[in-house]
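Subject: Structure for you to look at

Hello,

Here is the structure I said I would pass on. Please open it first; my notes on what was found come after it.

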Amino acid sequence: MKASLQNIHNEFLESGVQSELHVPLAPLTTYAVGGVAECVVRARSLEDVRSIARIVSQHTHVPVFVLGRGSNVLVADSGFDGIAILVSTPVADTHISVTGNLVEAPASMTMPVLARRSVAANRAGLEWCVGIPGTVGGAVRMNAGGHGAEIVDSLVSATIVSLKSGVESIVPVADLGLHFRGSALSGHHVVVSATFTTTEGTSEEGTQLINEIVSWRRDHQPGGRNAGSVFVNPSPGKGSAGALIDAAGLRGYACGGASVSEKHANFIQATDSATAGDIVAVMKHVQEEVERVHGVRLRSEVHLLGFDSQTADQFADPRHSEPERMSALHHVAHLLGEI
Ligand SMILES: Cc1cc2nc3c(=O)[nH]c(=O)nc-3n(C[C@H](O)[C@H](O)[C@H](O)COP(=O)(O)OP(=O)(O)OC[C@H]3O[C@@H](n4cnc5c(N)ncnc54)[C@H](O)[C@@H]3O)c2cc1C
């Protein structure tokens, strides 16, 4: 694997794609833990994504992972033996384009910047995005949401490049299979841009709403190193994941440098000394205790990167394998020329 990654790395460089070997992933995620990726490439433009797809599609045996701001990812201490494709660029390098009601943003733009730029352009409806510390691409993949809204409410379409087929396509929202904190997009799909529908607004009203959301977040969620909510809410009627964890008396439960937040029971906080192993140990304990006390098995929305399949399966949401979701996956794969 290492020899072929060296060759692929050379191919990236020859195509003008920024590529590095043995890159620590911790600084690229909000948990700030975990080991190195064998190779990290930076997708700074659509051209970069096309070049990366052309190269990667010739080496389908090499694992790939698309990384935005890393605000919903936990990297194993042993790292990732594959290619991490970083779709995240400095704020100054990203711009929205407004055409009538439509706002188009690059996938590498952060959600808070999307919220603020849309408001500055007198567009309303995306203010809630200010609370999501990830990129537009990550938010589409996750169908991120908060404050009574989620991506599926305003997304019109997303431009996706397949790392398997190299095909690039504008996929309408109806074909993306968006559901609670997930979509029909898989690990080999790169969102490069997204178009949202908005309404007319004023920058004064928009700014006020943004300020209210920011202060609500400060009051109700912890700062520091975390990945937001760890567990997905179970089926309706069984209570929120946070309430179940709280009622099981797990606030403050700690293992090494990781602990259940005192401020929000569905957040796990990492200290400077935390390892990914500590965070997973807290997740396992929370899962076991909630199941023992409430009879509900919690699953995680955080993407585990580089972990063994047993650990990944323990937290994977079985709802992802339901027939409706499988048929959405199949549909997207068909649209992108993969099958
Ligand atoms: C403090 C805090 C609060 C949070 N609050 C919320 C909240 O209220 N609501 C909510 O929904 N989430 C919340 N999150 C989680 C997280 O911010 C969202 O899931 C966000 O959408 C992830 O974006 P990202 O760019 O960080 O993606 P990453 O964490 O880098 O990746 C997440 C997933 O998206 C994929 N991905 C990333 N970029 C792309 C791309 N360009 N193309 C294709 N796939 C991609 C990755 O492969 C991975 O599967 C919170 C996180 C934190 C740290």
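**Around the ligand**

By class, the shell around the ligand has 15 nonpolar, 18 polar and three charged residues. Here Ala, Val, Leu, Ile, Met, Phe, Trp, Tyr, Cys and Pro count as nonpolar, Asp, Glu, Lys and Arg as charged, and the others, Gly among them, as polar. The shell consists of 36 residues, and the closest are Gly-68, Gly-134, Gly-137, Gly-138 and Gly-228. Two or more residues each come from β3 (64-67), α4 (136-142), β9 (145-146) and β13 (189-197). Of the elements, α4 gives the largest share, five residues. Helices (H or I, at least four residues) and strands (E, at least two) are DSSP runs, numbered from the N terminus.

Before going on, two points on how to read this. The model is predicted: local features need pLDDT of at least 70 and side-chain atom pairs count only at pLDDT 80 or more, while totals for chains, interfaces and linings use all residues. Residues are numbered from 1 along each chain as its sequence is written.

**Overall build**

The protein chain has ten helices and 18 strands. Its radius of gyration (over C-alpha atoms) is 20 Å, which agrees with the value near 20 Å for a compact globule of 339 residues; the globule rule is 2.2 Å times the number of residues to the power 0.38. Along the principal axes, the C-alpha atoms fill a box of roughly 55 × 55 × 40 Å.

The chain is divided into domain 1 (2-86), domain 2 (91-201 + 325-335) and domain 3 (223-303), with bounds from an automatic or database domain assignment. The centres of domain 1 and domain 3, taken over C-alpha atoms, are 29 Å apart. Their contact takes twelve residues from domain 1 and 13 residues from domain 3. On the domain 1 side, seven of these are nonpolar, four polar and one charged. Two residues are in contact if their C-beta atoms, placed from the backbone, lie within 7 Å.

**Core**

Of the 339 residues, 44% count as buried. Buried means 20 or more other C-beta atoms within 10 Å of the residue's own, exposed 12 or fewer, and partly exposed in between, with C-beta atoms placed from the backbone. The largest nonpolar core has 99 residues, and those with the most contacts inside it are Val-41, Leu-74, Ala-84, Ile-85, Val-190 and Ile-279. Helix α8 (residues 276-294) gives the most to this core, seven residues. A nonpolar core is a set of buried Ala, Val, Leu, Ile, Met, Phe, Trp, Tyr and Cys residues joined through C-beta atoms within 7 Å. Leaving aside neighbours within four places in sequence, Val-190 is in contact with residues including Ala-43, Val-66, Ile-85 and Leu-163.

**Single residues**

In helix α3 (residues 111-120), Met-111, Leu-114, Ala-115, Arg-116, Ser-118 and Val-119 are buried. Their cover includes β7 (102-106), β8 (123-124), α4 and α6 (203-220).

Asn-122 lies in the loop between α3 and β8 and has a positive phi of about 60° although it is not a glycine. Asn-122 counts as partly exposed because 15 other C-beta atoms lie within 10 Å. Asn-143, in the loop between α4 and β9, has a positive phi near 45°. Asn-143 is buried, with 21 other C-beta atoms within 10 Å.

Regards

Definitions and conventions
Near = placed C-beta within 6 Å.
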